[in-house]
Amino acid sequence: MPQGSAAFVAPAMEALSINEPETQNKKKIPCVDPTTSPSTTWPPPYYFENGLRRVAPYHFTYKTWVKQRWRGRRLLDVFESEFRDRPLAYYKNAMETGQICVNGKPTSPDHILKNGELVSHTIHRHEPPVTADPIGILHEDDDMIVINKPSGIPVHPAGRYNFNSVIEIMKAERGPEWIAYTCNRLDRLTSGIMFVAKHPKAADRLGVQIKQRSVRKEYIARVIGNFPDEEVVCNEPLLQISPKLGLNRVRATGKTARTVFKKLAYYPPREPRGQEHDKDPPETETDIGVKGRPWLGKEGYSIVRCLPVTGRTHQIRVHLQHLGHPIQNDPIYANQRVWGIKLGCNDPEAVENTDEDIITRLNRMGKEEVADAVAYHDEMVDEYYKRKAEKMSGELCEVCDTPLYTDPGMQELTLWLHSLRYEDAGGDWSYVSPLPDWALPPSGMSGPTEVGGMEELVSAVKDVNPEIA
């Protein structure tokens, strides 16, 4: 159960046999002694292997109060609809064996949840590994730390991640008494500038500026194809179609959103893609759709500057998808298996793909199939990355019989979207990170290695958004 308060516990837990043990491979992995307490397990149980930061599995109890939408529903039904990291059989077994409790007492899967009840779930927790890249420090003073967050690490503990989060990694480096006050947020896969205040007043000051939209933000993205030369302002509203998955789409009934885009550079392919595939031509036009590589018509890639005027979830990613130039390695919004052959381009009425279709396909990613962005079909070695991707391994933890995942591949640790710049619209302060490696000119080609000021981006919307001018 993600969210809610959480604490370490030391239960005497029996292994849960969800699958027949004789047909499963048990795997022994480093494990924290379950009799230890939070104070004796400091620092967090990190270890490094194969370029990844790993956490040894440990026992953990999630706790959360019954939410309004849960009231009057069966306990098992809530777990089935709200939590997707384990099979339903696991949750039913955990309720029957007392590892999922209500108000600290074992209960049945048929228990009807009521207002004011506390649901707890004790597990042998397995965190996914993250990149071993360090968290860069761009600036630090008595009030604020400005960091350069690596891609693939969530900011806060959430879902399957706890110690493998930016805040917990920084705490491990600075001591157990250190408290972080984050001022802005970045998605797990997004890299770049973040502000971590050292005390509440500093966080509040910057928070007010951000809410008043007097702070200008610039991102850099690597997108499919040759982006238009002129400034592009996308005003399409965004609707969250799945709170469980955090999935958004362009939809007329959504919340207002505005993003300004400007191409920084375009890099053509070294070999035209049409020539790459001439050796295996499709028989008919229908076969082209079946084989489904519509991006073949979009030669090369562009580095695009992005100014999000509003701050909706996945705003830049969804707007670029709608414009027909999704982020090249986006495992969600450039995923043909989820969005179909047009990759969700210009489909505000969900004519090409219904919301239900999209949610069902995305649910399969990481369980039965590999998250598979367009870039990993042609520009990278397809079969290699399909092997090097996080999915069910077929092995079980020998402590708790939890089905184990394989290590994530590059496409699950990296997104070509980077928070490049934050600055005060009045000119009082500005922080710019270096361009990430994927935004620099490829070997043998010339192109920009830094960006200029934000005047071009701001001028495109200064009349309707004077607060950022």
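This is a predicted model: local features need pLDDT of at least 70, side-chain atom pairs count only at pLDDT 80 or more; totals for chains, interfaces and linings use all residues.

Trainee: Okay! Where do Arg205 and Asp143 lie?
Mentor: Arg205 lies in helix α4, residues 200-211, while Asp143 is in the loop between β10 (136-140) and β11 (144-149). The pair therefore ties together parts that are 62 residues apart in sequence.

Trainee: And how accessible is Arg205?
Mentor: Arg205 has 48% relative accessibility, so it counts as partly exposed. Asp143 is also partly exposed, with a relative accessible area of 31%.

Trainee: While we're on helix α4, what about Pro200?
Mentor: Pro200 is found in helix α4. It is partly exposed, at a relative accessible area of 42%. The C-alpha atoms of Pro200 and Cys183 are separated by 9.8 Å, and these two residues are 17 residues apart along the chain.

Trainee: Let me zoom out for a second. How many helices and strands does the protein have?
Mentor: There are 13 helices and 23 strands in the protein. It has 469 residues, and 48% of them count as buried.

Trainee: What about contacts across the sequence?
Mentor: Take the contacts between residues at least 6 apart in sequence: 71% of them join residues at least 24 apart.

Trainee: Back to salt bridges. How many are there in the whole structure?
Mentor: A search of the whole structure finds 19 salt bridges. One of them joins Arg69 and Glu82, where the closest N and O atoms are 2.8 Å apart. That pair links distant parts of the chain: Arg69 sits in the loop between β5 (58-65) and α1, Glu82 belongs to helix α1, and the two are 13 residues apart.

Trainee: Helix α1 again! Which helix does it pack against, and at what angle?
Mentor: Helix α1 (residues 75-82) packs with helix α2 (residues 88-96) at an angle of about 145 degrees, and their axes are 10 Å apart. The crossing of α1 and α2 is right-handed.

Trainee: Which residues make that contact?
Mentor: On the α1 side they are Leu75, Leu76, Phe79 and Glu80, and on the α2 side Leu88, Tyr91, Lys92 and Met95. Sorted by class, the contact of α1 with α2 has 6 nonpolar and 2 charged residues, and no polar ones.

Trainee: Which strands is β14 joined to?
Mentor: One is β22 (residues 417-424), which runs antiparallel to β14 and is joined to it by 7 bridges. Here Ala221 stands opposite Leu417 in β22. Another is β19 (residues 301-308), also antiparallel to β14, with 6 bridges between them. On that side, Ile224 stands opposite Tyr301 in β19.

Trainee: What holds strands together in general?
Mentor: Strands of a sheet pair through backbone hydrogen bonds, either parallel or antiparallel.

Trainee: Can we look at another sheet?
Mentor: An open sheet is formed by 3 strands in the order β3-β4-β9, with antiparallel pairing. Its edge strands are β3 (46-49) and β9 (130-131), each of which pairs on one side only. Strand β3 is joined to β4 (residues 52-55) by 4 bridges, and Tyr47 stands opposite Arg54 in β4.

Trainee: What does the side chain of Arg54 meet?
Mentor: It meets the side chain of Glu49 in a salt bridge, at 3.1 Å from N to O. Arg54 is buried, with a relative accessible area of 9%, whereas Glu49 is partly exposed at 39%.

Trainee: Last one: where does Arg251 lie?
Mentor: Arg251 lies in the loop between β17 (247-250) and β18 (259-267). At 13% relative accessibility, Arg251 counts as buried, because the cut-off for buried is under 20%. Leaving aside residues up to four places away in sequence, Arg251 touches Pro237, Leu238, Leu239, Pro348, Ala350 and Asp355.

Key: Residues are numbered from 1 along each chain as its sequence is written. Side-chain values use heavy atoms; hydrogens and water are left out. Axes are lines fitted to C-alpha atoms, for helices over the stretch in contact, and angles run from 0 to 180 degrees between N-to-C directions. A crossing is left-handed if the near helix is turned anticlockwise from the far one by less than a right angle, and right-handed if clockwise. Contact means heavy atoms within 4.5 Å. Ala, Val, Leu, Ile, Met, Phe, Trp, Tyr, Cys and Pro count as nonpolar, Asp, Glu, Lys and Arg as charged, and the others, Gly among them, as polar. Two strands pair if DSSP finds at least two bridges between them. A salt bridge is a side-chain nitrogen of Lys or Arg within 4 Å of a carboxyl oxygen of Asp or Glu. Buried means under 20% relative accessible area, exposed over 50%, partly exposed in between (1.4 Å probe, protein chains only).
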